[in-house]
Amino acid sequence: MEAMNENKVVPSEFSTGPVEKAAKPLPFKDPNFVHSGHGGAVAGKKNRTWKNLKQILASERALPWQLNDPNYFSIDAPPSFKPAKKYSDVSGLLANYTDPQSKLRFSTIEEFSYIRRLPSDVVTGYLALRKATSIVP
Amino acid sequence: MAANVFPFRDARSAPDPVLEAGPVAHGLLPVPLVLDNGSFQVRAGWACPGQDPGPEPRLQFRAVCARGRGGARGGSGPQVGNALGSLEPLRWMLRSPFDRNVPVNLELQELLLDYSFQHLGVSSQGCVDHPIVLTEAVCNPLYSRQMMSELLFECYGIPKVAYGIDSLFSFYHNKPKNSMCSGLIISSGYQCTHVLPILEGRLDAKNCKRINLGGSQAAGYLQRLLQLKYPGHLAAITLSRMEEILHEHSYIAEDYVEELHKWRCPDYYENNVHKMQLPFSSKLLGSTLTSEEKQERRQQQLRRLQELNARRREEKLQLDQERLDRLLYVQELLEDGQMDQFHKALIELNMDSPEELQSYIQKLSSAVEQAKQKILQAEVNLEVDVVDSKPELKKPLETQSFTIISIPGEFEGVSQRPTTQCQAQYTRDAETPDLEQLEPSLEDVESMNDFDPLFSEETPGVEKPVTTVQPVFNLAAYHQLFVGTERIRAPEIIFQPSLIGEEQAGIAETLQYILDRYPKDVQETLVQNVFLTGGNTMYPGMKARMEKELLEMRPFQSSFQVQLASNPVLDAWYGARDWALDHLDDNEVWITRKEYEEKGGEYLKEHRASNIYVPIRLPKQASRSSDAQASSKGSAAGGGGAGEQA
């Protein structure tokens, strides 16, 4: 039961006073472990951060996969073949009309008047939600 | 009006106690630990052998950590999961080891594992002496598995580990034991949705598909929608509250277009809108002036501005007049024939010829004329302007561009002039919550008054007798978020990703794509066993919708079966636990430390709930040093001896 006691001691010590966590390593861990993926002391100053998913996938692509092997990027769903239905940005109903000035979609006259009175940041917000913001100024 | 008003629960999580492992963890064989490592929640517990399978996982916590309040204080260090209490104050400091559904930041993963082991009562010294069953992503990148194995074996000294897919564990948990099933699993989680065909008890990995949309995208979409509708409540519309709305107030429409039509009808709207009551915050209603006082103030400001303008115009007029006089004088010089003086004057004025002088004179005189005209007009319009102008001078809206809501019936008698103030108020409001509300209210003048309080505080009607009632209404209704069609729009993104601009196909189309890759008889068998699992499938109406989609895509009068998991959230953990108990003695499925060292971290042993292993060797990452402070130079030799550590 010694191990249990020690384990019990550790959490209570956590709660008393600002003790450095590093000074109280958890008993079941190897205290000297350093991740190899993380640069840390290893790769010097260059490789400090973890790779994010994009970088991991980019390096995975370079591996010698066969044609039919399943891997993370080959199981991405394909883009849609069907034309997308247009919904009003404001109310979500089916939108038959688009405002030429702001490119927002609307379905009723009231919505149109609402759209015309929106401040420009809200307009860009709605367009960004649909990923319809235009790059051309 | 009090119907359908719901408060936000804003639940805080209680910190987990450090549990004693109890007799559970001590047995002849070390008891396996089962960890469902998900991007939303981590669920951890023991897989206790014996008749009683045991309760739910001992630990369930959000897979996030954040440094203690107020920046990086030396003492408490990063807090994990339920110890954080409420997530909202720390929203910007939350870090998760996951990028989409793959753990990429193993340091944070280490924190989560520390937390799990500690709170489960792991007591072994120097290593965690229990086999671990861990879930991973479908077709987990080899790099990520390598990192994870390294963490488990090197840091925690685990004897053996098995990796599996959460949706497969859930699938087998819901099927009779040891049956060789084929089926289609649709698993929708926090970050992505997978469609996984199972053939003869084994995952057909090359035909799996993943849609990169899940609960978190739905919550983000809902948050943006509500923030754009209620810009005044930007800070109060938090992700936690959005998740609450999704979990408790949203549903999936069986037929989306038809459901939308239902929502157009004002009665249906009234009955089904969920008004979420935000806690009162006094900072938005800035001034406590009554509307008349505000009107007065506005008029004063206007007058002041106009006076300023008039003064400026007069000054300019004067200057122009003087200049004009001077030029005329110079012109006279020319007419009088005093050429020398004329030329001198021309040079002074920086002009070249008498023609230029002439044109300049003409321009100036016309400008002076116009200025005089404007001054005259301004004086005339002073009265009219005060009545017509908009209160908020900063708003870039033009009074003239207001359109009148065409109100059938009641308002025929009202004049249609754009500058009628009461009309202008209703149309001017940029913060009006719902247009659908305007539709129902149009038929009833009384209810039109009721919706007054929803407008921002700048626009209460002055000429209406309702003014006195408003302050009472204003507060409660102002702090309500009307969630109408958003109830069905947010969960709909997995069926129609074009709602948020994603190019990927939705679940139904992906399902059809996958089915088309199989011969007809296999399609039949697959479709008999469609299985829905994952937290994001828990919307009411999900099963009905899937059945309808299948009905549309399958041949006429063919059959299909859709089954929802008994507990879509926890079944993965239960399934993993069952699997662990079944395979305690089976060495074919566990990756031991020795195998890790021989074959590398990316090695995977296949079993019925695992990924497919593609034997590609990853180059071992840049070597580690045993001493954390070792310089970068001395570490090359450390790589080869990595196995000998600990």
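**Reading the annotated span and its chain**

Modeller: The end C-alpha atoms of residues 86–115 of chain A are 16 Å apart, and this span is 23% helix and 13% strand. Please keep in mind that the model is predicted.

Colleague: Which UniProt annotation covers residues 86–115 of chain A?

Modeller: According to the UniProt record, an unreviewed entry, these residues of chain A carry the annotation "domain: Vps72/YL1 C-terminal".

Colleague: What pattern does chain A follow along the sequence?

Modeller: The order of elements in chain A is α-α-β-β-α-α, that is, four helices and two strands. Of its 137 residues, 45% count as buried. Among the contacts in chain A with a separation of 6 or more, 11% are accounted for by residues 24 or more positions apart.

Colleague: Why is helix 4 of chain B described as largely enclosed by the rest of the structure?

Modeller: Because 12 of its 15 residues are buried, helix 4 of chain B is largely enclosed. The buried residues include Gly215(B), Tyr221(B), Leu222(B), Gln223(B) and Lys229(B).

Colleague: Which elements do the buried residues of helix 4 of chain B pack against?

Modeller: They pack against elements of both chains: helix 3 (109–116) and helix 4 (120–129) of chain A, and helix 5 (239–249), strand 16 (480–483) and helix 15 (486–489) of chain B.

Colleague: How is a pair of packed helices described?

Modeller: Two packed helices are described by the angle between their axes and the distance between the axes. In chain B, the axes of helix 3 (residues 166–173) and helix 19 (residues 571–582) come within 7 Å and cross at roughly 75°. Helix 3 of chain B is therefore roughly perpendicular to helix 19 of chain B. Helix 3 of chain B contributes Asp166(B), Phe169(B), Ser170(B) and His173(B) to the contact, while residues from helix 19 of chain B include Tyr574(B), Asp578(B) and Trp579(B). The residues of this contact divide into five nonpolar, three polar and three charged.

Colleague: Where is Met180(B) found, and is it buried or exposed?

Modeller: Met180(B) is in the loop between helix 3 and strand 11 of chain B, and at 63% relative accessibility it counts as exposed. Its C-alpha atom is separated by 4.8 Å from that of Gly201(B), 21 residues apart along the chain. Leaving aside neighbours within four places in sequence, Met180(B) is in contact with Glu200(B) and Gly201(B).

In that loop, between helix 3 and strand 11 (183–188) of chain B, Ser179(B) is also found. Ser179(B) counts as partly exposed, at 26% relative accessibility. Ser179(B) and Glu200(B) are 21 residues apart in sequence and 9.1 Å apart in space, C-alpha to C-alpha.

Colleague: Which residue other than glycine in chain B has a positive phi near 60°?

Modeller: Arg100(B) has that value. Arg100(B) is in the loop between strand 7 (98–99) and strand 8 (102–103) of chain B and is partly exposed, with a relative accessible area of 26%. In chain A, Lys103(A) has a positive phi of about 65° although it is not a glycine. Lys103(A) lies in the loop between strand 1 (97–98) and strand 2 (105–106) of chain A.

Note on methods:
Residues are numbered from 1 along each chain as its sequence is written. Chains are lettered from A and ligands numbered from 1 in the order in which they are written. This is a predicted model: local features need pLDDT of at least 70, side-chain atom pairs count only at pLDDT 80 or more; totals for chains, interfaces and linings use all residues. Side-chain values use heavy atoms; hydrogens and water are left out. Buried means under 20% relative accessible area, exposed over 50%, partly exposed in between (1.4 Å probe, protein chains only). Contact means heavy atoms within 4.5 Å. Axes are lines fitted to C-alpha atoms, for helices over the stretch in contact, and angles run from 0 to 180 degrees between N-to-C directions. Angles under 35 degrees count as roughly parallel, over 145 as roughly antiparallel, 65 to 115 as roughly perpendicular and the rest as oblique. Ala, Val, Leu, Ile, Met, Phe, Trp, Tyr, Cys and Pro count as nonpolar, Asp, Glu, Lys and Arg as charged, and the others, Gly among them, as polar. UniProt positions are given in the numbering used here, feature names are shortened, and annotations may be inferred rather than shown by experiment.
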